[in-house]
Amino acid sequence: MTKRIGILTGGGDAPGLNAVIRAVVLVANNRYGWEVVGIREGFDGLLSGAPVLPLTEERVRLIHGRGGTILGAVNRGNPFVKVVERADGGVDSLDLSAEAFDRMKDLGLDALIAAGGDGTMAIAQKLVTLGAPIVGVPKTIDNDLNLTDVTFGFDSAIVTATEALDKLQTTAESHHRAMVMEVMGRNAGWIAMMAGVAGGADAILIPEIPFDINVVCEKIESLRRDGRRYSLIVVAEGATPVGGKQEFSTLSGGVMRLGGISYLVGEMLANRIDADVRVTVLGHLQRGGQPTPRDRWLATRFGAAAVRLIAEERWGYLVALRGTEVISVSMEDAIRQLKVIDVNGAMVQMARDLGIVFG
Ligand code: F6P
């Protein structure tokens, strides 16, 4: 039977989303003869009444190497708690999930693919319990979605972060400075860990291990005693000092957004060590730009596998990578907890063996 399937990209974008969209269209068209339409701006697009984007092979040609998402994405588009402004200027939080599901029916969608992180999967899973035919594709540069070894976007982010660290190293060495670099990672330090090791960091501060700044200072001083007068400190945006809390900024229209811990770390260091300290926040550079070939490959495999999940009517499941195999896992299981670094695991131990401190 010919089907009409929709696809949306929710949450923050990640390099590789366009490769997912292209793979979905190619496999749906070529293998199954199904039509694909794009829902704009994540789940918001189901409520806004915005026209869907017909996704033909011609429309998705050459998008696999482009960053971002041609469908647009929002990271506050939850139909179960939709914030709407009242005439008096106040705001109400409404459950518009039934309307979102109705719109799927009005659009004649036989199935929907939701590409996103834990927030998107949580929304999708709740809609599935209402009867909506949805499958998922996991996405986040933070790599913290559970039950998949890796998500696309992560490789591109660590390439960006590692290159940045390489660049900071040369100028740090010239000026004998301590360079603090902040990377993304709200609850998990995967980017900090992998880019930090790949880029030769001396200290890696991650959300999983509250840090004692004195340990970082001791490391920097011991390096200096050994004749190395520069140091590289990578800090994940969600890292906290022992007994402290996460740092936020209100840049985004008064909405609290994680970020700024590197400035606190920089100040703490500058007050304690005899070295010039500089801070770099990589921010959204990590989410932008072309996906690496590895991310394109994974995104393409995920997109193709999501179409197969639809053929099997596995609503409430998402594709995932286990070893070299693409498998499927239930959304319910995937969102139960985040995938964080095991602080007693081999990865942390290896980094410690290399002489890296976690504070
Ligand atoms: O989930 C990915 C992520 O990059 C987080 O690490 C970061 O806190 C967040 O998105 C920032 O998102 P935005 O600025 O788009 O709200």
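Contact is defined here as heavy atoms within 4.5 Å. The structure is a predicted model, in which local features need pLDDT of at least 70 and side-chain atom pairs count only at pLDDT 80 or more, whereas totals for chains, interfaces and linings use all residues. Residues are numbered from 1 along each chain as its sequence is written, and side-chain values use heavy atoms, with hydrogens and water left out.

Glu 182 belongs to strand β8, which covers residues 177-183; helices (H or I, at least four residues) and strands (E, at least two) are DSSP runs numbered from the N terminus. With a relative accessible area of 4%, Glu 182 is buried. The classes used throughout are buried (under 20% relative accessible area), exposed (over 50%) and partly exposed (in between), with a 1.4 Å probe and protein chains only. Accessible areas come from the Shrake-Rupley method with that 1.4 Å probe, and for residues only the protein chains shown count as cover. When neighbours within four places in sequence are left aside, the contacts of Glu 182 include Val 235 and Glu 237, the run Gly 259, Gly 260, Ile 261 and Ser 262, and also Thr 280, Val 281, Leu 282, Gly 283 and Gln 286.

Gln 169 is located in helix α6 (residues 154-175). Its relative accessibility of 18% places Gln 169 in the buried class. Not counting residues up to four places away in sequence, Gln 169 touches Tyr 230 and Leu 232.

Val 74 occupies the loop between α3 (57-60) and β4 (82-85) and is partly exposed, at a relative accessible area of 25%. Apart from neighbours within four places in sequence, Val 74 is in contact with Gly 10, Gly 11, Glu 41 and Asp 44. A C-alpha separation of 31 Å is found between Val 74 and Val 265, which are 191 residues apart along the chain.

The whole structure contains 12 salt bridges, a salt bridge being a side-chain nitrogen of Lys or Arg within 4 Å of a carboxyl oxygen of Asp or Glu. In one of these, Asp 102 pairs with Lys 105, with 3.7 Å between the closest N and O atoms. Because Asp 102 and Lys 105 are three residues apart in helix α4 (residues 97-106), about one helical turn separates them. Both partners are partly exposed, Asp 102 with a relative accessible area of 39% and Lys 105 with 49%.

A further salt bridge is formed by Asp 142 and Arg 186, whose closest N and O atoms lie 3.8 Å apart. Asp 142 is in the loop between β7 (134-138) and α6, and Arg 186 is in the loop between β8 and α7 (190-198), so the pair ties together parts that are 44 residues apart in sequence. Asp 142 is buried at 6% relative accessibility, whereas Arg 186 is partly exposed at 43%.

On the surface, a patch of negative charge is made up of Asp 212, Glu 218, Glu 221 and Asp 274. Patches consist of residues with over 30% relative accessible area and no salt bridge; like charges are joined within 9 Å, and nonpolar side chains (Val, Leu, Ile, Met, Phe, Trp, Tyr) within 5 Å. Lys and Arg count as positive and Asp and Glu as negative, while His and the chain ends are not counted. The place of a charge is taken as NZ of Lys, CZ of Arg, CG of Asp or CD of Glu. Asp 212 is found in the loop between β9 (203-205) and α8 (213-225) and is partly exposed, at 33% relative accessibility.

Most residues other than glycine have a negative phi. His 176, in the loop between α6 and β8, has a positive phi near 55°. This residue is partly exposed, with 30% relative accessibility. Glu 313 also has a positive phi, near 55°. Glu 313 lies in the loop between α10 (293-311) and β14 (317-322) and is partly exposed at 48%.
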